[in-house]
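Dear colleague,

I am handing over the structure below for your review. My notes on what was found in it follow directly after.

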Amino acid sequence: MGNRDPLTDPGMLVRILSSVFSVALLAVLAFAVLDLGDEPTGLTSNVMERIDESGVAHPPTAVLLNFRAYDTWLEVAVLLLAAWGALALRQATRLPEQPAARSPGPVLDWLVRILAPLAIVTGVYLLWRGTDAPGGAFQAGAVIGAALVLLRLSGYRSVGLLSAFWLRGSLLAGFAGFLVVATALFLAGWSFLEYPPERAGLLIVIVELLITWTVAVSFVALFVAARPDPDDLGEESGGGHV
Amino acid sequence: MSLFLIYALAATGLFVICLHGLITRAHLLRKILALNMMGSSVFLLLIAIAWRNRIDGVADPVPQAMVLTGIVVAVSATAFALALARRYHAETGETELSDEDGST
Amino acid sequence: MTFEMIFDGILAITLVWLCWRVLSAPDLFKAVVLFITFGLLMALAWVRLQAPDIALAEASIGAGLTGALMLDAVGQITGRRFPYIRSDQPAGEEGDHGQP
């Protein structure tokens, strides 16, 4: 890196070109933002008009699981693909157990015994409240997933106990739940991913429960599968977890 | 200077800084960090616009729901990128993508 | 120029500054810690913009999960472990134990 002459050092040239480009882009973007004008547009009024039909009282949850359920459904598919891809990189069909050598110290152990149940309760509460207050399936799933990761890191057994079948089932639950509900309603005469207003609340809670579990397990899978420990890899490619 | 302008301009600044970082930083983890924060900057702009379009104190829930799904997609993409980068590191011992031509 | 305005201005500037520091800090571990701080401040910005749902998601997913993933990756790639987990390797040179 001693060479700082942009004419001979390609790295320096890239830096300078990128800086110039960035400043130009900043000017363009800032102008675009300043040029937006004061007229409020958007879909707030449309959502508020029909929120009574959605089955939930909290506008973002209504959009997420009813009005724009299609986006959410495909987003769960993205999560499924990422978790499945990460597991495939490890050639794992189950989440391997944390090696026993990583046993926690007494302080961590005590803390985890308090924090993990508390986090799981918080997650369930977030899910429950999500219908009429901030919260919902994704936040709840993230908190529960964090609790499961914490348990795992401190040597407790949680999602590692899931068999290959149940692990796949858990990753698939949110996507499949959406699909089953949507197909059933479609066959009953509604259009795809449209809920009947009087049953919407119940259906949304069912779908949210499944999404919560999928999000939690997917996050643990993403966290675990990201660690390619050499010994684990050897053990994995040796096939068959027993 | 409204709340919207403050955060929208911050979002443009973040986006540009992250783009610059993505181009100039060679370390893979640094690139992943830059990509993740770049996503955050776009979310910030969307949420600032949602705040600007509020009616009777209710911010536009449609961009909010989109950002919520976006955050989950971003973390999935980041985690998958990290898994790839770590596998790459485990296989080759490198932390930067090497150019076969040696052009950069 | 109200108190809230000043708060928002400081928050926005801090976000941009943190982003710059994440990408330029020489130590990767420090960059990741700054990245987690960035995520938490972003959650604060979302509370300010009336998006508490996203603030919750950002605090748990953006800062929490992504931060943990990043720390774990930095630990593997630079050979540094989580400082709060007893490693199965002998105490490293960066350990907090006194000189033997």
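In this predicted model, helix 1 (residues 3–24) and helix 2 (residues 28–52) of chain B pack with their axes 8 Å apart, at an angle of about 160°. Because angles over 145 degrees count as roughly antiparallel, helix 1 of chain B is described as roughly antiparallel to helix 2 of chain B. The crossing of helix 1 and helix 2 of chain B is left-handed. Where helix 1 of chain B meets helix 2 of chain B, the contact residues comprise 20 nonpolar, 3 polar and 3 charged.

I turn next to the contacts between chains.

Chain B and chain A meet in a contact that takes 36 residues from chain B and 40 residues from chain A. On the chain B side, the elements giving two or more residues are helix 1 and helix 3 (61–92) of chain B. Of these, helix 3 of chain B gives the most, with 19 residues. Sorted by class, the side of chain B that touches chain A holds 22 nonpolar, 9 polar and 5 charged residues.

Chain A also touches chain C, in a contact with 21 residues from chain A and 17 residues from chain C. At least two residues of the chain A side come from each of helix 6 (137–153) and helix 8 (200–225) of chain A. Helix 6 of chain A provides the largest share of that side, 8 residues. The side of chain A that touches chain C divides into 14 nonpolar, 5 polar and 2 charged residues.

Yours sincerely

Terms used: Residues numbered from 1 in each chain as written. Chains lettered and ligands numbered in written order. Predicted model: local features only at pLDDT ≥ 70, side-chain atom pairs only at ≥ 80, totals over all residues. Axes fitted to C-alpha atoms, helices over the stretch in contact; angles between N-to-C directions. Helix = DSSP H or I, 4+ residues; strand = E, 2+ residues; numbered from the N terminus. Parallel < 35°, antiparallel > 145°, perpendicular 65-115°, else oblique. Left-handed = near helix turned anticlockwise from the far one by under 90°. Nonpolar A, V, L, I, M, F, W, Y, C, P; charged D, E, K, R; others polar. Contact = placed C-beta atoms within 7 Å.
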